[in-house]
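Me: I would like to go through this structure with you, topic by topic. Please keep the answers plain.

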Amino acid sequence: MSLTAAASGFVVFFLFVPGTGQSDWGVTYPSTPICALKRSTVDIPCTYRYPSTESHQTTEVRERLWFTKGSNKEPVDLKTDSDYTGRVQYLCDKKNCTLRITDLRESDSAEYKFRFTTTHTLGGFTGSPGVTLSVTDLQVQVTRSSTQGELRCHSSCNNPSYVWFRNGQKMDGETSSSLRVSVEDNDSYSCAVTGYEDYRSPPVYSPKVVTLSLTPTGEIRENSSVTLNCSSDANPAANYTWYKNGKSLNGKAQLVFSSIQSSDSGQYNCTAENQLGKRTSESIFIDVKYAPKLPSVSAEIVEGSSVTLTCISDANPAANYTWYKENEDSPKASGQIFTITDFRAEQSGNYYCEAQNSRGHQNSTLNLIVVAGKLFHFHLHKHLLTAPDLIHM
């Protein structure tokens, strides 16, 4: 099979009818199958013959058509076939009729038959078998070896001569089906069949600029759904790898956090790589915001004089602290550290700190009690006793 729009050889089909010569009826097609390129135009020619007279009456042709569907006697005219709308012409003159199909598609690959009907008593004739058309789409197949890539121009047609293009410009002297190129040269390559330079393969190239995007935009809240997308224009299609703080994560184009946590905060970037090269995106920092965690309160006792309370809570953004004494409306102090000097028995009671930021707040409780010159202090979280200590004053 060779790449051609209309093969030069022909094959003749005859219908033997008693009382007529064996060559009175027939259709002559190209003798070899036809191979054509996707998006191009193909001409499939034929000639036909029939008895010129019957009972001294001139035989006239009533209808001529080409078809791929239906039977020989009940064909579906290509001009009425929705798969060929606007793409079919019959170029008929006397006893020649050429089928022209434009904007070829791979689905056009089929056996095409010609049928004509006449005023003769025998009616009409179909040339069967017909002509086989194969429509091929040129593709560049890429393999990689070390620092080189091998490009191979592939079609379903046998042994055509090829032309190669780099960045849209024809490469002189390159006519074979394969081409070796340097990896990471950032050029694009395509091929075409000689004589059909307008019908090139899709270009192949290493990944171009790698784009990193975050959904949703704006503040990222703990337990929300967050998606990172990595994309790059590349052919062959790129494979993706994600990195967090320099450590690889996975090889998908999307990194999805269905319920993001504070531990997911960090610096992220991705790489896109195919057989022709590799490229890295810029980095994006994910800063997960969350309400203060349960505060931890510690007490430092200076014997006989003062008590210093410290409140710590994990929060993003950082928490602000306010100190309260139970059953009192007004805060006792603000800040992470609260110091009670000259501590006396009447100051005993239930103290707690409130840690608050834009995401929420959380309270901690600490009981301070003076009994018979001794100070007891209890660390309480969510009203659960966690650690009693006895300090002698």
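**Charges, disulfides and rings**

Reply: The charged end of Arg200 sits over the ring of Phe165, 3.7 Å from the ring centre. A charge counts as over a ring if NZ of Lys or CZ of Arg is within 6 Å of the ring centre and within 35 degrees of the ring normal. This is a predicted model: local features need pLDDT of at least 70, side-chain atom pairs count only at pLDDT 80 or more, and totals for chains, interfaces and linings use all residues. Residues are numbered from 1 along each chain as its sequence is written, and side-chain values use heavy atoms, with hydrogens and water left out.

Me: And what lies over the face of Tyr205?

Reply: Lys208 does, at 4.6 Å from the ring centre.

Me: Changing topic: how many disulfides are found in the whole structure?

Reply: The search finds 4 disulfides, a disulfide being a pair of cysteine sulfur atoms within 2.5 Å. One of them joins Cys153 and Cys191, with the sulfur atoms 1.9 Å apart. This pair links distant parts of the chain, since Cys153 belongs to strand β16 (residues 148–154) and Cys191 to strand β20 (residues 189–193), 38 residues apart. Strands (E, at least two residues) and helices (H or I, at least four) are DSSP runs, numbered from the N terminus.

Me: Which hand does the link of Cys153 and Cys191 have?

Reply: The link is right-handed, with 70 degrees about the S-S bond.

Me: Are Cys153 and Cys191 buried or exposed?

Reply: Cys153 is buried because its relative accessible area is 5%, and Cys191 is buried at 0%. Buried means under 20% relative accessible area, exposed means over 50%, and partly exposed lies in between (1.4 Å probe, protein chains only).

Me: What about Cys230, which cysteine is its partner?

Reply: Cys230 forms a disulfide with Cys270, the sulfur atoms being 1.9 Å apart. Cys230 lies in strand β23 (residues 226–231) and Cys270 in strand β27 (residues 266–274), so the pair ties together parts that are 40 residues apart in sequence. The link of Cys230 and Cys270 is right-handed, with 80 degrees about the S-S bond. Cys230 is buried at 4% relative accessible area, and Cys270 is buried at 0%.

Me: Where do Cys311 and Cys353 lie?

Reply: A disulfide joins Cys311 to Cys353, S to S 1.9 Å. Cys311 is in strand β32 (residues 306–312) and Cys353 in strand β36, so this pair ties together parts 42 residues apart in sequence. Cys311 counts as buried because its relative accessibility is 0%, and Cys353 is buried at 0%.

Me: Which residues does Glu219 touch?

Reply: Glu219 touches Lys289 and Arg359, not counting residues up to four places away in sequence. Glu219 lies in the loop between β21 (211–215) and β22 (220–221) and is partly exposed, with a relative accessible area of 42%. A polar contact of 3.5 Å joins the side chains of Glu219 and Arg221. A polar contact is a pair of N or O atoms within 3.5 Å; within protein, one must be able to donate a hydrogen and the other to accept it, and residues adjacent in sequence count only if both atoms are side-chain atoms.

Me: Last topic, the rings. How many aromatic pairs does the structure hold?

Reply: It holds 14 aromatic pairs. The ring centres of Phe116 and Phe125 are 6.2 Å apart and the planes are at 55 degrees, so this pair is tilted. Rings of Phe, Tyr and Trp (its six-membered ring) pair if their centres lie within 6.5 Å; planes under 30 degrees apart count as stacked, over 60 as edge-to-face and the rest as tilted.

How values were computed
Contact = heavy atoms within 4.5 Å.
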